[in-house]
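Here are my notes on this one, point by point. Have a look at the model first, then read on.

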Amino acid sequence: MNGFLQDIRFGLRQLAAKPGFAAAAILTLALGIGANTAVFSVLNGYLLKPLPYPHSSRLAAIGVDYTATGGGYFSMSVPLYELVKQDVSAFSSTAIYNYNRVNANFGDGSTVVSGAVATGSLFRVLGVAPALGHTFTSAASEPGQGWRGRH
């Protein structure tokens with residue numbers, strides 16, 4: 001222990017003898033630690049931390065990648081989803097959703113809101129309950145049904 005304390009005192013004397021070098025070393029360490037912490041925080045939040053759903057390790061998102069032909073990445077079309085739902089037995093439950101931006105009318109004005117169009121099984125697949133109200137019925141997922149047919 002005595003040798004360790006002597007090494008610490010010697011290091012401090014060397015740093016005090018060269019304050020410019022000491023400041024540069026401390027600044028470099030601080031920047032490196034700060035950058036490392038920032039990168040880890042981002043990676044932890046987006047890649048390492050599990051999704052906030054029960055059995056999130058069993059969830060999978062499937063889409064169609066058209067980037068090679070100049071397109072983008074898209075979720076499945078409804079006909080393709082129906083084929084996968086009927087023909088692939090590897091999934092215990094399936095759902096499809098698509099984000100949308102729609103105009104919502106409130107009294108005398110309207111505003112653009114973000115939402116999603118989804119099949120009735122989405123809540124069951126995610127293992128969550130709606131905050132208010134009830135989930136969709138299976139009839140609401142049938143073509144021509146749901147909120148579009150109501151006024």
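1. Where is the place of Leu51? Leu51 sits in the loop between helix 2 (19–48) and strand 1 (63–65); helices (H or I, at least four residues) and strands (E, at least two) are DSSP runs, numbered from the N terminus. Leu51 has a relative accessible area of 48% and is therefore partly exposed, given that buried means under 20%, exposed over 50% and partly exposed in between (1.4 Å probe, protein chains only). Setting aside neighbours within four places in sequence, Leu51 is in contact with Ser56 and Leu59, where contact means heavy atoms within 4.5 Å.

2. A word on the ground rules. This is a predicted model, where local features need pLDDT of at least 70, side-chain atom pairs count only at pLDDT 80 or more, and totals for chains, interfaces and linings use all residues. Residues are numbered from 1 along each chain as its sequence is written, and side-chain values use heavy atoms, with hydrogens and water left out.

3. On the overall layout, the chain has 4 helices and 4 strands, and along the sequence they follow the pattern α-α-β-β-α-β-β-α. Buried residues account for 9% of the 151 residues in the chain. Of the contacts between residues at least 6 apart in sequence, 22% join residues at least 24 apart.

4. Now helix 1 and helix 2: their axes come within 5 Å and cross at roughly 110 degrees. That makes helix 1 roughly perpendicular to helix 2, a label that covers 65 to 115 degrees (under 35 is roughly parallel, over 145 roughly antiparallel, the rest oblique). Axes here are lines fitted to C-alpha atoms, for helices over the stretch in contact, with angles from 0 to 180 degrees between N-to-C directions. Leu15, Ala16 and Ala17 of helix 1 make the contact with Pro19, Phe21 and Ala22 of helix 2.

5. Check the surface too: Met1, Phe4, Leu5, Ile8, Leu12, Leu15 and Phe21 form a nonpolar patch with about 760 Å² of accessible area together. Patches take residues with over 30% relative accessible area and no salt bridge, joining like charges within 9 Å and nonpolar side chains (Val, Leu, Ile, Met, Phe, Trp, Tyr) within 5 Å. Areas come from the Shrake-Rupley method with a 1.4 Å probe; for residues, only the protein chains shown count as cover. Helix 1 (residues 2–17) gives the most to this patch, with 5 residues.

6. Finally, a search of the whole structure finds 1 salt bridge, meaning a side-chain nitrogen of Lys or Arg within 4 Å of a carboxyl oxygen of Asp or Glu. Glu82 and Lys85 form a salt bridge at 3.9 Å, N to O, and both lie in helix 3 (residues 78–87), 3 residues apart.
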